[in-house]
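The sequence and structure come first.

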Amino acid sequence: MAQNAATPSVNKTGNNSAHNIDEKISIPRSLSLGAQHVLAMDLYIVPIILASLLSLTVADTSSLIQMTFVVAGLATIIQSRCLLKLPVMQGPSYIPIGAIAAIGKSMGMGAVYGALIPVAIFVALLGKPLNVFSKIVRKFVPPIVGGTVIIVVGISLLPIAFNGIYSGEHPSQNIVIALVSMVSLCSFILLGCMCQKLHWLRLTSVLGAIVLGTITASLYGMTDFSSVANAAWVQLPNLLPFGELTFDPIAIMTMLFISMIVLVETTGTWCAVSAVTSVPLEDERLNRGATGEAVGHFFCSLIGGSPVTGYSTNAGIIAVTGVSSRRAIIAGGFILLLLGLMPKLTSVIASIPHAVISGIFTVICVVIAMNGFRVVQHIDLSERNMLVIGLPIMLSLGAVLMPRELVYALPELVGYLVNSGIAIGALAAVILNFVLPDDTATAAQNQDPKSTDLTPATANEAN
């Protein structure tokens, strides 16, 4: 009987036979798969939101979007090739939006980027050379927490995806476009899995769904690529595009606190990729990953853009395509870098109808959440553990669905957190697992050396 794609086997060397992160795939295949990761990332949304909140000029908005792509590309290449060495794309997080907007409005963007330098130094030291980050993760993010965070990532992003479908002037047409994108993606995945001759369909499933969804949108007259013609072909980054850096203590402390929340979020992303690829998160890898996060902050402080972190959607893309080679992710990093230097290409991605991306995003969210359930499936669901898993899911959904007027009425620091259901859910999982008393079943499980591995057991191991 064919083995389920969601439960890959592990060979004697410890590498996943179905998901080999060091697989040497061809350059054309790497570029094709890397392009799919890029197209599914909606990188332009965070800088557009920031530009709107900060009332930036058109030129500054364009620069913010482009430099976000450049920073994400550089950070992805360095993180996947040299530091974390996992197939993880880097992209802007939603968590810092409130803090960046508040600091930018009151102190200027120079204070935002100035604060990122000491933050980068602190986060880098947590990883290398102090090697403290892995100890923090082992203490506060065991499998039950890691799996819960993965579930929270998938579930809390679903309302955002559906809001992207239902919003706009023509929600009924958006639903049709999104359904075409969803059905196309699922059909390509199933055909690629069921028929060996059509395996290429699975590899190009996201790209194919984007094409069919965009064609459907064009039938409704909902595509507009006019901005592509007006965009420049090449534009190089400028050093300190928003002026001189300023180092304000309040801004530094605020960004440092937010960066710690982002680290919890990105650890959940790493756990998701680890779950999909069956590659364990060793201490050395975790510490290098923290330093890699700091590298992204440092680039952002120098050339602008939005701070980047591990992007959760690419774990779903890996599960969908069945290919986890780091070469595809590194190729995606070079594509991001190229897009950031060529505004005309960035305009093409920005012109893809939002309903298309949102439709594909919903499927990816489900895949991410299901991989979280894979992590916790071998954990004894005692009353205590059900609370540790269930309450963070409830709280994250409560944060995502909270009316905006209530969010704005909250204290500023609490508002930053509530803006991200992932941050709320991740913090809740860490705190609940730490404060709730252990029961006998959980204590026995914690004494099992295998339970300290952040990679879920496979079906073969369970048997």
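## Basis

Contact means heavy atoms within 4.5 Å. Helices are DSSP runs (H or I, at least four residues), numbered from the N terminus. The model is predicted: local features need pLDDT of at least 70, side-chain atom pairs count only at pLDDT 80 or more, and totals for chains, interfaces and linings use all residues. Residues are numbered from 1 along each chain as its sequence is written, and side-chain values use heavy atoms, with hydrogens and water left out.

## Helices α7 and α18

In α7, Ile144, Thr148, Ile151, Val152, Ile155, Ser156 and Pro159 meet a set of α18 residues that includes Asn385, Val388, Pro392, Ser396 and Leu401. By class, this contact has 12 nonpolar, 4 polar and no charged residues (Ala, Val, Leu, Ile, Met, Phe, Trp, Tyr, Cys and Pro count as nonpolar, Asp, Glu, Lys and Arg as charged, and the others, Gly among them, as polar).

Helix α7 (residues 143-166) packs on α18 (residues 383-401) at an angle of about 25 degrees, with the axes 9 Å apart; axes are lines fitted to C-alpha atoms over the stretch in contact, and angles run from 0 to 180 degrees between N-to-C directions. Therefore α7 is roughly parallel to α18 (angles under 35 degrees).

Of the 15 residues of α21, 11 are buried, so the helix is largely enclosed by the rest of the structure. Buried means under 20% relative accessible area, exposed over 50%, partly exposed in between (1.4 Å probe, protein chains only). Among the buried residues are Ile422, Val430 and Leu432.

Phe140 lies in helix α6 (residues 133-140) and is partly exposed, with a relative accessible area of 31%. Leaving aside neighbours within four places in sequence, Phe140 is in contact with Val145, Val430 and Phe434. The C-alpha atoms of Phe140 and Val430 are separated by 5.8 Å, although the two are 290 residues apart along the chain.

Note on methods: Helix = DSSP H or I, 4+ residues; strand = E, 2+ residues; numbered from the N terminus. Parallel < 35°, antiparallel > 145°, perpendicular 65-115°, else oblique.
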